[in-house]
Amino acid sequence: MSGFDEREKAFEAKFRRDQERGFKMQARRNYLFGKWAAEKLGLTAGDADAYAKDVVSAEFRETGDQDVLNKVKVDLKSKGVEVSEHVLRVEMDRFMETAREQVENEC
């Protein structure tokens, strides 16, 4: 195998690891964001966990963060909890940092 082939395989392996790490961080962020929203909704422990998992699955409906943001925003509003989109985005960013730290500490 040539040096070029070895570098290509190493690059592909790094790309796969980076993609997997990014996916884990995104899912973790969404779970933490869901738990935060569940607390705002007044859900109990079991219901809060199920809700957080539902927020994670919202990510797969569309590309990007907007689907997750919309789900939480609509759910909060339906229960009479007023939270601005700006605050929701700030919380998502905060949870992304937490998720990044957690995933990096796992590796």
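Trainee: How many salt bridges does a search of the whole structure find?
Mentor: The search finds twelve salt bridges, a salt bridge being a side-chain nitrogen of Lys or Arg within 4 Å of a carboxyl oxygen of Asp or Glu. Please note that this is a predicted model, in which local features need pLDDT of at least 70, side-chain atom pairs count only at pLDDT 80 or more, and totals for chains, interfaces and linings use all residues. Residues are numbered from 1 along each chain as its sequence is written, and side-chain values use heavy atoms, with hydrogens and water left out.

Trainee: Which residue forms a salt bridge with D65?
Mentor: The partner of D65 is R29, with the closest N and O atoms 2.9 Å apart. This pair links distant parts of the chain, 36 residues apart: R29 is in helix α1, and D65 is in the loop between α2 and α3. Helices here are DSSP runs of H or I with at least four residues, numbered from the N terminus.

Trainee: Is R29 buried or exposed?
Mentor: R29 counts as buried because its relative accessibility is 3%; buried means under 20% relative accessible area, exposed over 50%, and partly exposed in between (1.4 Å probe, protein chains only). D65, at 28%, is partly exposed.

Trainee: Where is E59, and what does it touch?
Mentor: E59 is found in the loop between α2 (45-58) and α3 (66-78). Leaving aside residues up to four places away in sequence, E59 has contacts (heavy atoms within 4.5 Å) with residues including Q26, R29 and D65.

Trainee: Changing topic, which residues are linked with D54 in a network of salt bridges?
Mentor: K71 and D75 are linked with D54 in that network. The D75 and K71 side chains meet at 2.7 Å, N to O, and both residues lie in helix α3, four residues apart, about one turn of the helix. D75 is buried at 18% relative accessibility, and K71 is buried at 15%.

Trainee: And what is the N to O distance between E91 and R94?
Mentor: Their closest N and O atoms are 2.5 Å apart, in a salt bridge. E91 and R94 are separated by about one helical turn because they are three residues apart in helix α4 (residues 85-106). E91 is buried at 14%, whereas R94 is partly exposed at 43%.

Technical notes: Helix = DSSP H or I, 4+ residues; strand = E, 2+ residues; numbered from the N terminus.
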